[in-house]
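Biologist: I would like to learn how to read a structure like this one. Shall we look at it together?

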Amino acid sequence: MRKINISIENQNGQLVWSEQVYVKKDGRFSTLAIAGGSGWDKSGTFKIKVDNNLETKSKTFSFKV
C-alpha cells in the first residue's frame, strides 16, 4: 500500500495538523482531523494539502470558531 501526507495550515501558514494515510487499491483514503489546540483558535481561511511524493494538491476552506 502506498502512503500520502495530509496537512492543514491556518491563515498564518502555521501547521495545525498532519498525518500520513494509507491509500487503498481503488485510490480512496479517509481520516479524521479534530480542530483543536494551538493554531485553531481563530476563524479564517485554512489550507489542506495532500502530497503523494510526486505531486501536491491543495484546497482552502473556511473555519469558524
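Biologist: Leaving aside its neighbours within four places in sequence, which residues is Gln14 in contact with?

Modeller: Contact means heavy atoms within 4.5 Å. Gln14 is in contact with Ile8, Glu9, Ser38 and Gly39, neighbours within four places in sequence left aside. Note that this is a predicted model, where local features need pLDDT of at least 70, side-chain atom pairs count only at pLDDT 80 or more, and totals for chains, interfaces and linings use all residues. Residues are numbered from 1 along each chain as its sequence is written, and side-chain values use heavy atoms, with hydrogens and water left out.

Biologist: Is Asn10 buried or exposed?

Modeller: Buried means under 20% relative accessible area, exposed over 50%, and partly exposed in between (1.4 Å probe, protein chains only). Asn10 has 6%, so Asn10 is buried. Gln14 has 34% and counts as partly exposed.

Biologist: Which backbone atom lies 3.0 Å from a polar atom of the side chain of Asn10?

Modeller: A polar contact is a pair of N or O atoms within 3.5 Å; within protein, one must be able to donate a hydrogen and the other to accept it, and residues adjacent in sequence count only if both atoms are side-chain atoms. Here the backbone nitrogen of Asn12 lies at 3.0 Å. The backbone oxygen of Gly39 lies 3.2 Å from a polar atom of the Asn10 side chain.

Biologist: How many bridges join β3 to β4?

Modeller: Strands (E, at least two residues) are DSSP runs, numbered from the N terminus. Two strands pair if DSSP finds at least two bridges between them. Here 8 bridges join β3 (residues 44–51) to β4, and the strands run antiparallel. Phe46 stands opposite Phe61 in β4.

Technical notes:
Helix = DSSP H or I, 4+ residues; strand = E, 2+ residues; numbered from the N terminus.
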